[in-house]
Amino acid sequence: MTTRPITVADVMTKKVVAVRPDASFKEIVTAMERWKVTALPVLEGEGRVVGVVSEADLLLKEEFHDHRLGMVEQLRRRDATAKAGSDRAAELMTTPAVTIRPEASLPRAARLMATRRVKRLPVVDADGMIQGVVSRSDLLKVFLRSDGELADEVHRDVVARLFPLSRDRIEVRVDAGVVTLTGDVRDSTLIPLAERLARAVEGVVDVRCALTLATGT
């Protein structure tokens, strides 16, 4: 019913700050500070993502700096202690990297970030080559769409298509991203669908549906 949904490719940052597997600990920290990012893709060859090194990976060195572990804890946290003793991206990075494709939807990217507890995702093609990076703030860009733009899309792609005969009796108002639908329609069974489709428009914060069945229908 609606136009093409906004995808990761539409909001991602195409200029990628990354490091090579042989990048030193200090080079990684310097890059993070300079570009104000919390994680960096690790690339090999002509841009294939082989891992991601994050602040959490680097902080292990500080955590174990003056803390001597017992044998049991060393075994339990083997990966962490190995990273703490490393100074190259290849040894510090988390691999395989959690990545996403450019054509993925924004809700899918948000769910992946939430379930894997990451703030940024490398965007890769079918061959694992870097295409960009998408962050939490990138996913929020859709909520910067103007109220007028949202109203036009809801009226065009939801109201006009679901209710071609009633469209002139339906008002679409948008205030701070909240859509309000008022008016009467000939088919009340379509009202829940109209609310659901309006809510699915990228950038809509909420929907208040006050559509009613026209009298005498």
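**Figure 1. A salt bridge links neighbouring side chains.** Which side chain does that of Asp87 meet in a salt bridge? Asp87 pairs with Arg88, at 4.0 Å from N to O. A salt bridge is counted when a side-chain nitrogen of Lys or Arg lies within 4 Å of a carboxyl oxygen of Asp or Glu. The model is predicted, with residues numbered from 1 along each chain as its sequence is written. Local features need pLDDT of at least 70 and side-chain atom pairs pLDDT 80 or more, while totals for chains, interfaces and linings use all residues; side-chain values use heavy atoms, without hydrogens or water. Asp87 is partly exposed, with a relative accessible area of 42%. Arg88 is also partly exposed, at 36%. (Buried means under 20% relative accessible area, exposed over 50%, and partly exposed in between, with a 1.4 Å probe and protein chains only.)

Figure 2. The whole structure holds 13 salt bridges. Side chains of opposite charge can pair when their charged atoms come close. Glu153 pairs with Arg145, and their closest N and O atoms are 2.6 Å apart. Are these two residues buried or exposed? Both Glu153 and Arg145 are buried. Asp206 and Arg199 form another salt bridge, at 2.7 Å from N to O. Asp206 is partly exposed, with 29% relative accessibility. Arg199 is partly exposed too, at 38%. Shared partners join the salt bridges of Arg145, Glu149 and Glu153 into one network.

**Figure 3. The largest nonpolar core.** This core has 21 residues. (A nonpolar core is a set of buried Ala, Val, Leu, Ile, Met, Phe, Trp, Tyr and Cys residues joined through side-chain atoms within 4.5 Å.) Val154, Phe163, Val172, Val179, Leu181 and Leu211 touch the most other members. Five elements each give at least two residues to the core: helix 9 (147–162), strand 5 (170–175), strand 6 (178–185), helix 10 (191–200) and strand 7 (206–213). (Helices, H or I of at least four residues, and strands, E of at least two, are DSSP runs numbered from the N terminus.) Helix 9 supplies the largest share, 6 residues. In soluble globular proteins, nonpolar side chains tend to be buried together.

**Figure 4. Leu211 and the residues it touches.** Which residues does Leu211 touch, leaving out those up to four places away in sequence? They are Phe163, Ile170, Leu181, Thr182, Gly183, Ile191 and Ala194.

**Figure 5. The largest pocket.** Its volume is about 420 Å³. Ala39, Val52, Ser54, Arg117 and Val118 are the closest to its centre, out of 18 lining residues. Strand 2 (48–54), helix 3 (55–63) and strand 3 (120–124) each give two or more residues to the lining. Helix 3 gives the largest share, 3 residues. The lining divides into 8 nonpolar, 3 polar and 7 charged residues. (Ala, Val, Leu, Ile, Met, Phe, Trp, Tyr, Cys and Pro count as nonpolar; Asp, Glu, Lys and Arg as charged; the others, Gly among them, as polar.) On a 1 Å grid over the protein atoms alone, a pocket is an open set of points with protein on both sides within 12 Å along at least five of seven lines, whereas a cavity is a set where a 1.4 Å probe fits but cannot get out; lining residues have an atom within 4 Å of a point. Points join across faces, edges and corners, and volume is the space filled by probe spheres set on them.

Figure 6. Ser54 lies in strand 2. Ser54 is buried, with a relative accessible area of 18%. Neighbours within four places in sequence aside, Ser54 contacts Met32, Thr38 and Ala39. Ala39, like Ser54, is one of the lining residues closest to the pocket centre.

**Figure 7. The second largest pocket.** This pocket holds about 200 Å³ of space. Leu106, Pro107, Val142, Phe143 and Glu202 lie nearest its centre, among 13 lining residues. Helix 7 (106–116) and helix 10 each supply at least two lining residues. Helix 7 has the largest share, 3 residues. The lining has 10 nonpolar, 1 polar and 2 charged residues.

**Figure 8. The largest cavity.** How many cavities of 30 Å³ or more are there? The count is 1. The largest cavity contains about 50 Å³ of space. Its lining is Ala39, Leu40, Pro41, Val52, Arg120, Leu121, Pro122 and Val133. Strand 1 (39–44) and strand 3 each give at least two of the lining residues. By class, the lining has 7 nonpolar, no polar and 1 charged residues.

Key: Contact = heavy atoms within 4.5 Å.
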